[in-house]
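Student: I'd like some practice at reading features off a model. Could you walk me through a few?

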Amino acid sequence: MTSDQALIFASGIVGGALRVGAPFLFVSLGECLTEKSGRINLGLEGVLVLSAMASFGASYLSGSPWIGALAGCAAGALLASLHGVLCSLPRVNDVATGIALMLLGMGLAFYLGKPLIQPQAPQLPAIALGNWSDSAAVRSALQVNALVPIGLVIAGVMAWAFANTRAGLLVRMAGDSANATRALGYSVSGIRIAATAAGGMIAGLGGASLTLFYPGSWNEGVSSGQGLIAVALVIFARWSPLRCVGAALMFGGAGAIGPALQSIGIGWGYHLFNIVPYVLTLLILVITCRPGGVIAGSPGELSSNR
Amino acid sequence: MGALLKEVLLPVAAIAAALLLFGLFVWFAGVSPLQVWVLLFKGAFGDWYSWQNTLQRAAPLMLTALCVAIPARAGLVVIGGEGALVLGVLACIAASLWLRWTPSGFSVRVVGGNLRTAQLVGLPATKLVLLACALGGACAGLAGAVEVAAVHTSANASLIAGYGYAGILVAFIARQQPLAVIPVAILFGGFGAAGSLLQRRLGLPDASVLLLQGIAFVLILASEALRDLDWKALWAKLRQSAKATPTPALPQRRREQVAP
């Protein structure tokens with residue numbers, strides 16, 4: 001590999017991490033918030049697809065990608081709050097409801113989004129990080145979604161809020177001990193529904209970055225299981241928003257190995273490289289989870305811990 | 001008998017509600033709900049061809065549902081069935097017979113019911129959970145084999161078609177009982193079979209069936225919450241409040257509760 005090729009490969013990985021990692025970033029941040037309050041939301045895949053369609057539709061109809069992003073947030077918050085409300089009913093299983101909402105979200109999105117497959121909608125502006133390079137490949141690889149800085153700010157605010165604000169403490173308390181929360185007079189379901197809805201709102205930004213940046217169009221294959229992987233990412237990140245950023249970037253980078261190799265002409269094993277992120281996640285989970293013990297930092301009230 | 005009726009009535013009511021809601025959706029799209037309901041029924045159960053289509057789709061659903069239900073009886077929830085697929089009613093009956101009548105099946109149920117008891121009695125809990133997962137995965141793999149060999153007669157990327165995720169829900173709705181998986185899978189296979197009819201006759205997007213399935217799943221799961229409701233007391237209260245004349249309050253002697 002020449003140094004030029006190495007540069008293209010490296011920038012492909014970094015660019016891929018930023019490009020492909022953007023939806024992962026938002027979805028894992030949203031899931032982190034939801035799980036901190038003690039609820040698992042497996043329906044984030046449905047939230048992702050529905051908010052992707054909603055933001056594409058809103059951007060197309062209004063002409064502004066930012067309105068599209070707002071619509072994505074709203075759709076995400078709505079679907080996630082449905083999950084929150086359903087799970088607060090007695091005897092309803094978190095896991096099953098999440099999967100049902102995933103199917104509902106996907107069904108709604110495909111049903112309502114049929115007329116949106118052909119047209120093109122205004123895209124989000126890109127921040128060019130690669131202008132220092134002469135190579136067109138490097139420059140195009142380092143284009144970053146304008147929502148990514150917003151996501152990084154959200155991660156920082158979340159990390160600070162969990163440690164330093166009352167709302168953050170309430171969320172953590174509802175996640176660690178429902179009894180303590182009730183003893184202090186707060187409604188556990190109320191806190192969890194609010195956290196789930198807020199998580200859905202953040203995940204909605206992930207959907208917006210799918211259809212308004214990369215891949216930039218709406219069709220039924222726009223998401224590839226990112227919502228479900230987010231649950232694994234959150235566990236991998238030990239429920240810390242800042243580590244979620246790292247996990248999302250790592251996952252995006254691992255997923256970009258295949259295309260980056262292709263861009264320097266190595267086409268061998270393309271499909272094999274596409275499974276790298278999933279294998280990586282499995283490996284990390286297996287290495288870091290010890291049998292018989294609960295993972296440090298996991299909210300005590302998660303249904304997987306009870 | 002009453003309990004069984006209640007168990008069946010609630011999901012049936014939820015499915016009826018889902019069909020109504022779906023009718024509302026298509027009404028907004030300019031299509032007559034009545035036509036949709038008739039076509040759904042015809043497409044799923046109308047003639048022998050529709051039945052074949054339905055059962056063809058029900059079989060993989062039963063198997064992927066077993067992929068979730070069997071490990072769930074051992075206490076482990078598996079949602080990875082989409083990655084492995086697999087022959088329907090026979091597998092369900094075999095699974096239910098195994099769980100009910102054989103020592104190994106019973107051991108698996110004990111592990112799922114109370115892990116500590118199982119360990120105290122000396123059952124190899126880890127191995128049993130692994131066994132249950134392996135059997136579940138085998139069922140899903142069988143579903144995949146059936147899809148390739150009998151239905152599509154070729155293997156390509158469009159194979160999976162969401163049977164794995166739908167199987168998870170069929171398993172939860174059937175409350176992890178392999179025998180109950182059979183009717184639930186047939187119902188949702190029927191929805192899937194009617195989908196192409198809806199698309200051809202009424203011009204609805206083919207995702208409408210996915211939407212109907214999603215609504216049905218959500219409502220059925222939500223109806224679980226109503227399962228323990230005391231219907232008799234609720235009915236009595238409703239009838240009381242409907243009575244017009246208020247009875248005058250008689251002086252009542254308060255009975256003191258003596259604590260034992």
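Tutor: Happy to, and keep in mind that this is a predicted model. Let's begin with a backbone atom: the nitrogen of Gly43(A) sits 2.9 Å from a polar atom in the side chain of Asn41(A).

Student: Where does Asn41(A) lie?

Tutor: Asn41(A) is in the loop of chain A between helix H1 (3-36) and helix H2 (44-62).

Student: And is Asn41(A) buried or exposed?

Tutor: The cut-off for buried is under 20% relative accessible area. Asn41(A) has 2%, so it counts as buried.

Student: Which residues does Asn41(A) touch, leaving out those up to four places away in sequence?

Tutor: Glu31(A), Thr34(A), Ala80(A), His83(A), Thr196(A) and Val231(A).

Student: What about nonpolar side chains?

Tutor: In soluble globular proteins they tend to be buried together. Here the largest nonpolar core has 133 residues, and Trp218(A), Val36(B), Phe188(B) and Leu198(B) have the most contacts inside it. Helix H4 (residues 94-112) of chain A gives the largest share of this core, 13 residues.

Student: What does Phe188(B) touch?

Tutor: Setting aside residues up to four places away in sequence, its contacts include Leu61(B), Val170(B), Ile173(B) and Phe217(B).

Student: Which residues make the nonpolar surface patch?

Tutor: Among them are Ile266(A), Trp268(A), Tyr278(A) and Val279(A), in a patch of about 830 Å². Helix H14 (residues 276-288) of chain A supplies the largest share, four residues.

Student: How does Val279(A) count by accessibility?

Tutor: Val279(A), in helix H14 of chain A, has 39% relative accessibility, so it is partly exposed.

Key: Residues numbered from 1 in each chain as written. Chains lettered and ligands numbered in written order. Predicted model: local features only at pLDDT ≥ 70, side-chain atom pairs only at ≥ 80, totals over all residues. Heavy atoms only, no water. Helix = DSSP H or I, 4+ residues; strand = E, 2+ residues; numbered from the N terminus. Buried < 20%, exposed > 50% of the residue type's maximum accessible area, 1.4 Å probe, protein only. Polar contact = N/O pair within 3.5 Å; in protein donor to acceptor, adjacent residues only side chain to side chain. Contact = heavy atoms within 4.5 Å. Patch = residues over 30% accessible without salt bridge, like charges linked within 9 Å, V, L, I, M, F, W, Y side chains within 5 Å. Areas by Shrake-Rupley, 256 points an atom, 1.4 Å probe, with all protein chains shown as cover. Salt bridge = Lys/Arg side-chain N within 4 Å of Asp/Glu carboxyl O. Core = buried A, V, L, I, M, F, W, Y, C linked by side-chain atoms within 4.5 Å.
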